[in-house]
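Colleague: I would like to learn how to read a model of this kind, feature by feature. Please give the general idea each time, then the case at hand.

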Amino acid sequence: RCRGRSSQRVMTNEGASAEHLEVGELIFGKVQGASHWPAQIAKLADGFIEKKNWYFVHWFGTAQHGYVRKKDCLRFEENRHHFIKKVVKNNNKWLLALTEIQARHADIDSRAARRGLARVDSLNGKSSK
């Protein structure tokens with residue numbers, strides 16, 4: 001499936017919908033008026049209410065929390081190569097956000113390896129170990 005309407009579309013795998021994510025998963029989320037940005041699905045923080053069809057996220061590079069529509073989420077693993085090449089206006093924050101999400105991704109992989117678990121690639125069901 002394709003997400004977005006720009007000439008440079010990001011492809012997601014049909015079997016790996018980004019509309020069914022769990023707390024802790026890494027994504028690129030898009031909010032109105034902004035480009036996709038690295039984020040992590042987070043537990044609902046105090047003072048925030050649950051919204052139907054929205055995820056509560058932690059935005060990397062800004063240390064902010066907010067909401068993103070489920071349909072506007074792209075899985076990090078499947079789309080990282082597209083976004084790593086991307087250049088945005090505020091390049092310093094973008095580079096910080098990419099550094100933070102890649103570090104979190106590496107941390108998740110190393111924790112799984114220490115527990116003797118293989119992270120399963122959501123695209124093809126193959127083990128990444």
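Modeller: Start with burial: buried means under 20% relative accessible area, exposed over 50%, and partly exposed in between, with a 1.4 Å probe and protein chains only. Helices (H or I, at least four residues) and strands (E, at least two) are DSSP runs, numbered from the N terminus. In α2, the buried residues are Trp94, Ala97, Leu98, Ile101, His105 and Ala112.

Colleague: What kind of model is this, and how are its residues numbered?

Modeller: This is a predicted model, in which local features need pLDDT of at least 70 and side-chain atom pairs count only at pLDDT 80 or more, while totals for chains, interfaces and linings use all residues. Residues are numbered from 1 along each chain as its sequence is written, and side-chain values use heavy atoms, with hydrogens and water left out.

Colleague: What is the average pLDDT of the protein chain?

Modeller: pLDDT is the predictor's confidence in each residue, from 0 to 100. The protein chain averages 79, and 72% of the residues score at least 70. Over residues 1-17 the pLDDT is below 50, and this stretch has 31 contacts in the model beyond near neighbours in sequence; contact means heavy atoms within 4.5 Å. Residues 121-126 also stay under 50.

Colleague: In what order do the elements of the protein chain run?

Modeller: From the N terminus on, the order is β-β-β-β-β-β-β-α-α, that is, 2 helices and 7 strands. Of the 129 residues in the protein chain, 33% are buried.

Colleague: Why does the length of helix α2 agree with what it should span?

Modeller: The expected span of a helix is 1.5 Å times one less than its number of residues. Helix α2 has 24 residues (91-114) and should therefore span 34 Å, which agrees with the 34 Å between its end C-alpha atoms. Just after α2, Gly116 takes a positive phi of about 75°.

Colleague: What covers the buried residues of α2?

Modeller: The cover includes β3 (26-29), β4 (37-41) and α1 (76-84).

Colleague: How is an aromatic pair read?

Modeller: A pair of aromatic rings is described by the distance of the centres and the angle of the planes. Rings of Phe, Tyr and Trp (its six-membered ring) pair if their centres lie within 6.5 Å; planes under 30 degrees apart count as stacked, over 60 as edge-to-face and the rest as tilted. The structure holds 6 such pairs. One of them joins Trp37 and Trp94 edge-to-face, at 5.2 Å centre to centre and 65° between the planes. Trp37 lies in strand β4 and Trp94 in helix α2, so the pair ties together parts that are 57 residues apart in sequence. Both Trp37 and Trp94 are buried. Elsewhere, ring pairs link Phe28, Phe76 and Phe83 into a cluster.

Colleague: Are the two faces of β3 covered or uncovered?

Modeller: In a regular strand the side chains alternate between the two faces of the sheet. Both faces of β3 are covered, with Leu26 and Phe28 buried on one side and Ile27 and Gly29 buried on the other.

Colleague: Which residue in β4 stands opposite Phe28?

Modeller: Two strands pair if DSSP finds at least two bridges between them. β3 and β4 run antiparallel, joined by 4 bridges, and Phe28 stands opposite Pro38. β3 is also joined by 3 bridges to strand β7 (residues 73-75), again antiparallel, where Phe28 stands opposite Leu74.
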